Amino acid sequence: MNKTKQLLAGLILMAFGLGTAQAAYTLNLMKGVTEISNDIYDLHMLILWICVFIGIVVFGTMFYSIYHHRKSKGHKAEQFHENTTVEIIWTIIPTLILVGMAIPATKAMLELDDVQESEMSIKVTGWQWKWEYEYLDNGIHFFSNLDEASNKARQIDSGIDPRTVPHYLLNVDKPLVIPVKKKIRFVFTAADVIHSWWVPDLGWKKDTIPGFINEAWTSVDEPGTYRGQCTELCGKDHAFMPIVVVAMEQADYDAWVKKTQEEAAKGPDLNDQSHDELVSKGAGVYAKNCASCHMAGGEGVPGTFPAITGSSIVTGDVKAQAELVLNGKGMMPAFGKMLDASELAQVITYTRNALGNSVGDEIQPKAIQELLPEGAAPAASTEKAEPQEQVDASAEMSLDDLVARGESVYAQNCASCHMADGSGMPGTFPALTASPVVTGDIDAQVDLMLNGKGMMPAFGNTLNAVDFAAVVAYTRNKLGNSVGDFIQPSAIQSLQSAMPAEDDDE
Amino acid sequence: MSAVVAEHEHDEHHDHGPQKGLLRWVITTNHKDIGTLYLVFSLAMFFIGGAMAMIIRAELFEPGMQFVDPQFFNSMTTMHALVMVFGAVMPAFVGLANWMIPMMIGAPDMALPRMNNMSFWMLVAGVLLLASTLFMEGGAPASGWTLYPPLVLQTGAALPFAIFSVHLLGISSIMGAINIIATIFNMRAPAMTLMKMPLFVWTWLITAFLLIAIMPVFAGAVTMLLTDRFFDTSFFDAAGGGDPVLYQHIFWFFGHPEVYVMILPTFGVASTIIPVFARKPLFGYSSMVYATASIAFLSFIVWAHHMFTVGMPVAGELYFMYATMLIAIPTGVKVFNWTATMWKGSMTFETPMLFSIAFVVLFTIGGFTGLMMSIAPSDFQYHDTYFIVAHFHYTLVPASVFILMAAGYYWLPKWTGNMYNERIGKLHFWLSAVSVNILFFPQHFLGLAGMPRRIPDYAVQFADWNMISSIGGFIFGISQLLFLYIVIDTIKGGTGEKATDEVWEDAHKHGLEWTLPSPPPYHTFTTPPATVPTEHI
């Protein structure tokens, strides 16, 4: 009944072609909550109205002609054709209109591209099919999945009416939290295939590409919850990896940061759990993380995703299974990064004792914790980097001062590729821990950082001499390295001044 | 002596009639037979690709997952596109080219008749190979018709088959294109100078050059996918020093001209039909030729407007934005030309004209949204949403497909010698024209409101427009059965009214094909015509 009514309303709306603001029927682009999204909206409306105007003129002429110049009305065809003046006019006028469109479009494009002078950075990694968020300034790190209610309702023949699920398919378990009125730089990459991160209210989307870093920025005016979705086909569950951004006032954001850091510091609960508890809790972990590929019943998808039921891995050595789950293999992602020891123990025990398997054994969180790489959780740094701070490069600095300063410089500039603990991303971004470059000749390292190489950007023009020296000292004496040497800011400054100045837009 | 001559003539007649039985269709080298094969095949593929679209619209009828698994849904969107592009629209235009180009330029056949036969059967092999992937372990390709890596490399057993199928389709298209170019350059009647050729011939000539330029590029891109998957190369894998975005650049260097392969012959047919029913010459023949050539040239230098969000340098974004906006100029020239051709004519509205007028209007709407999308910053909102889906379906369904329908109605009486049922033809038109808008217009709203493309399920605020769109889709799908009925009915005799040679009033002034009998004999223009009509110029 209600559905029929809505449908009728929709049809009536369409019949009148009304663009009225009906909450349930968004017909147009939304204005969004950032300056850039407003600019894009204005640009969109400008072009739309130009098109509507041209359409009225062209179609008006055509339909006038169709009505009046018909044989059934006795209209005799005139045989005119080829008129150079007319043809030149209808080439020049559109050209001028295009020039008129290009000017505001170019302005908006340049604004969209300008990630300079950001106040904080968040790294976004696309996974099949979830988002990973890392706050490069304070070390907060988490995965964001489709919320449980939507996940249940979206299963085929779930029997749940999506209309009863709040924010169906647009809700997550952990939203991205950002402060308002701050210029936030996002860096994007992906772990498996290409995804695209889109929140319409922010005004843009950006592709996340495995092995590459993309950048974009936003500055949200109004506190609120803004929802979006992955917009690049990324496989089976492309439709089920939404994005939720919660923008808060600075004070609320600070409180959230504090609370989140405290929770992270507590770490997972490593106490032993009973067999039944492991299995029953594991079912929920499985539904959220595994069922997309291995299917809810564990039967897998022949030819693509192996079955869990009767699998020789799941029914074989528990440690071997745990290692596979933790470290991934081929299309199987490394869940050691996404789930905590307790959840991992639960889901592994569940697969061994459900879904048609009955091995009868279990694995405890403690055993998992031992298999996980040494806890390299980035220390939460509350220091804020002041990007435009005036620095005195001539002053001598001690190794300790440089290393201390280097930590935040590293988090801002290097950690998105080389990772917070210097482990890199194997195959794409080299590890810094035990790297021959970082532990070798210091001048060679400085040269590489100043001028870049391949995908490594040239930092010579983007970092000031003190920050530059600080991050050199940090990489050589932290992240598992202990070379012991460092370089003074004054030496960096003289190298920088010898560099050719390029695109100096500071 | 005279007996020898007589016997020789008798032999010739005997040898050159159509072969009896089904084998005729397998070994034929006659351009009319091969044209028919192409048209029948493409119509069959139109219904198969359409059935896939019906599955897509059924799943999207309501929020929630009702009928298919998301992976199969992705296979459907992928296969729907591949079948429609490579199985339906492109072969349909090749079929028209085979039938009409020799008859329009006064040639006895295509220049390379045996290759013509081979390119058709290779098309069949390619499409069947592609269709067979539906039944393979892991399912048909599900990465979208663009086959972007790394996702496409996750395809199951189907991947090498799909790639080999693309190779076959590419070879088939290239051979067809070579044939068309050779025919147009070498076999025109002496009086048929280049600037007297009907626009359908002109647009196909330009399209054929596009095909030769782009199909090897696509073949190269998919071969790189093949070696990445099976021979440990890393063209598109960052871990080995490659770049997934490189594939997108190569693909769209093929892909953008490819969409013009489907629209340029459409322009040609519209420019052929509208003057006949307006009883006026085309307003600007030479400017239409130049506009087509400009669009073809521009199509090669705008590819990255499909990739505004991949993270190009801002200079690249601006260049591709400006270059793309330029396409609006020659396209505008075309629309203004068609309008000026109708202006002060003496129009009648038989089914081919109805479809052609709907094409001009609805294609222009697709052009407007294209212009909107060329604006790079706005495209950061539009990209990969239903707004894009609406845009390219407006330029393909009520444009290319409508014009193929128009061409069918326009030339069926010539091909069969029978008039089709005008009443059912008009019914088919009105049902199609109304339902295609119910189907695709709401998708603009969905995209702007934030619905991404290629998703099997959606948030509930998108529910109503999706339902309306699906209803439009079902009506459109069912309406096309009327076309099938009309085609079969006309071949069988239609209304019983025999078609005259010129079929449409004064059509013989517009094209050589209307100076031939309806249906034309198996061999036509064995000697070139002395004069050619010039009314269309």
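This briefing covers the interface of chain A and chain B and then some aromatic pairs. The model is predicted, and its two chains bury about 9000 Å² between them, with 68% of that area on carbon and sulfur atoms. To this contact chain A gives 102 residues and chain B gives 111 residues.

**Interface of chain A and chain B**

- Of the area that chain A buries against chain B, 8% is supplied by Trp90(A), Met109(A) and Leu233(A), which is more than any other three residues supply.
- There are two salt bridges between chain A and chain B, and the side chains of Lys71(A) and Glu505(B) meet in a salt bridge at 2.5 Å, N to O.
- Polar contact across the interface comes to 24 residue pairs, with both residues at pLDDT 80 or more.
- Among the elements of chain A that give two or more residues to the side touching chain B are the elements α2 (35-68), α3 (84-113) and β9 (224-230).
- Sorted by class, that side of chain A has 54 nonpolar, 30 polar and 18 charged residues.

**Aromatic pairs**

- Over all chains, the structure holds 65 aromatic pairs, including the edge-to-face pair of Trp127(A) and Phe143(A), at 5.6 Å centre to centre with 65 degrees between the planes.
- Because Trp127(A) lies in strand β1 and Phe143(A) in strand β3 of chain A, their pair ties together parts that are 16 residues apart in sequence.
- Trp127(A) counts as buried at 7% relative accessibility, and Phe143(A) is buried with a relative accessible area of 6%.
- In chain B, the rings of Phe267(B) and Phe363(B) have centres 5.3 Å apart and planes at 75 degrees, so this pair is edge-to-face.
- Phe267(B) lies in helix α8 and Phe363(B) in helix α12 of chain B, so the pair ties together parts 96 residues apart in sequence; both residues are buried.

Methods: Residues are numbered from 1 along each chain as its sequence is written. Chains are lettered from A and ligands numbered from 1 in the order in which they are written. This is a predicted model: local features need pLDDT of at least 70, side-chain atom pairs count only at pLDDT 80 or more; totals for chains, interfaces and linings use all residues. Side-chain values use heavy atoms; hydrogens and water are left out. Contact means heavy atoms within 4.5 Å. Buried area is the accessible area (1.4 Å probe) that two parts lose on being put together, summed over both. A salt bridge is a side-chain nitrogen of Lys or Arg within 4 Å of a carboxyl oxygen of Asp or Glu. A polar contact is a pair of N or O atoms within 3.5 Å; within protein, one must be able to donate a hydrogen and the other to accept it, and residues adjacent in sequence count only if both atoms are side-chain atoms. Helices (H or I, at least four residues) and strands (E, at least two) are DSSP runs, numbered from the N terminus. Ala, Val, Leu, Ile, Met, Phe, Trp, Tyr, Cys and Pro count as nonpolar, Asp, Glu, Lys and Arg as charged, and the others, Gly among them, as polar. Rings of Phe, Tyr and Trp (its six-membered ring) pair if their centres lie within 6.5 Å; planes under 30 degrees apart count as stacked, over 60 as edge-to-face and the rest as tilted. Buried means under 20% relative accessible area, exposed over 50%, partly exposed in between (1.4 Å probe, protein chains only).
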